[in-house]
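Thanks, everyone, for making the time.

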Amino acid sequence: TLGTIATNPAMLAGAAGIMTQYAMQQSMREITDYLAKIDEKLDAVLRSQRNQVLARLDGIDLAVKEATTVRDAVGRVSDVTWSKVQASSSTIFETQGFAIRQLADLADKLEQHKRVDEIVKTTREAVTEVPKYLSVLARCFQLHDAVAVLELDRVLDDSADELDRHRLGLKAARQERLELIAETTASLLERMADAAAKANSKVLLNPIQSPAVVESSNQVAVDVHEFRGLLGIESDRQSSEARGWKSAASERWEKTREAGAGSIGAAKGLGGEGLDRAKSVKGKLSGKLGDRKFRRGKGDAESDGEG
């Protein structure tokens, strides 16, 4: 009865363990759908490259499936069944570490590049490489959960009183993996946004390449946000906006025009001042010349009188 379950710690731990297993299995099914979707996006070459990495996990996948089948038939995870999957976590972690390193390297390359042509090349590379390594991470996460489901069954069969503590330990370890993936993908998103900002700042000089960078950045952002949503990682989905060449040119022209208008106004002011000064000087000169003429005329008349 519900009352019995509520007062029995072992049964409560068992119920919590079952709920944890159910949540993991639901996540595994969603990841399977996600991987099928990624397969449709990848071309033959990229799929082949991705499969070379995932091939290291095929043996683990087969062992987990076999152990699950035996558990379903027997009703528990025995020592023999558990021994087939017990050492699989190290291979999963190695593959996960490789994928995270590849994504981190892409982010570093984006940060180092300054020239638009270099940024264009790396962002286009990211469009093809990021989905490939995201799918690898998704597969690793799926297998981690699959092994954890069997592990909980094993603990329940072997040490039921430790089930709840073990469940909490697995939950904490899962959260640490999520945080590592969240940090890596957040860094990649930040670098892609920075690349788009750099491209936008140089759109006048690179009217074709700059929008291409923003387009690639947005495409990668969509893929990363979808992946983060799959794993339940919160993120603000914001796309970079490509500045059109015309709007950027119009903005630059407006600034130039305003600056030019200021210069012309200043020139006019200076010209007006110069003209006034010239008129003043001309008036003074005219006065001096008139005065000189007047004195010359007077002198000539006196000379004539004397003559």
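Predicted model: local features only at pLDDT ≥ 70, side-chain atom pairs only at ≥ 80, totals over all residues.

**The pocket and the helices around it**

The lining of the largest pocket divides into 6 nonpolar, 4 polar and 5 charged residues, where Ala, Val, Leu, Ile, Met, Phe, Trp, Tyr, Cys and Pro count as nonpolar, Asp, Glu, Lys and Arg as charged, and the others, Gly among them, as polar. Residues are numbered from 1 along each chain as its sequence is written, and side-chain values use heavy atoms, with hydrogens and water left out.

A pocket here is an open set of points, on a 1 Å grid over the protein atoms alone, where a 1.4 Å probe fits, with protein on both sides within 12 Å along at least five of seven lines, and lining residues have an atom within 4 Å of a point. The volume of the largest pocket is about 260 Å³, taken as the space filled by probe spheres set on the points. Of its 15 lining residues, Met-28, Val-64, Lys-65, Thr-68 and Ala-146 lie nearest the centre.

Which helix gives the largest share of that lining? It is H6, with 6 residues, while H2 (9–41), H3 (44–74) and H6 (116–158) each supply at least two; helices are DSSP runs of H or I, at least four residues, numbered from the N terminus.

The axes of H3 and H6 come within 10 Å and cross at roughly 15°, the axes being lines fitted to C-alpha atoms over the stretch in contact, with angles from 0 to 180 degrees between N-to-C directions. H3 and H6 are therefore roughly parallel, a term for angles under 35 degrees, with those over 145 called roughly antiparallel. Their contact comprises 14 nonpolar, 4 polar and 7 charged residues.

H6 and H7 (residues 163–201) have axes that come within 11 Å and cross at roughly 175°, which makes H6 roughly antiparallel to H7. By class, that contact has 17 nonpolar, 4 polar and 6 charged residues. H3 and H5 (residues 89–112), whose axes come within 10 Å, cross at roughly 165°, so H3 is roughly antiparallel to H5.

Notes
Parallel < 35°, antiparallel > 145°, perpendicular 65-115°, else oblique.
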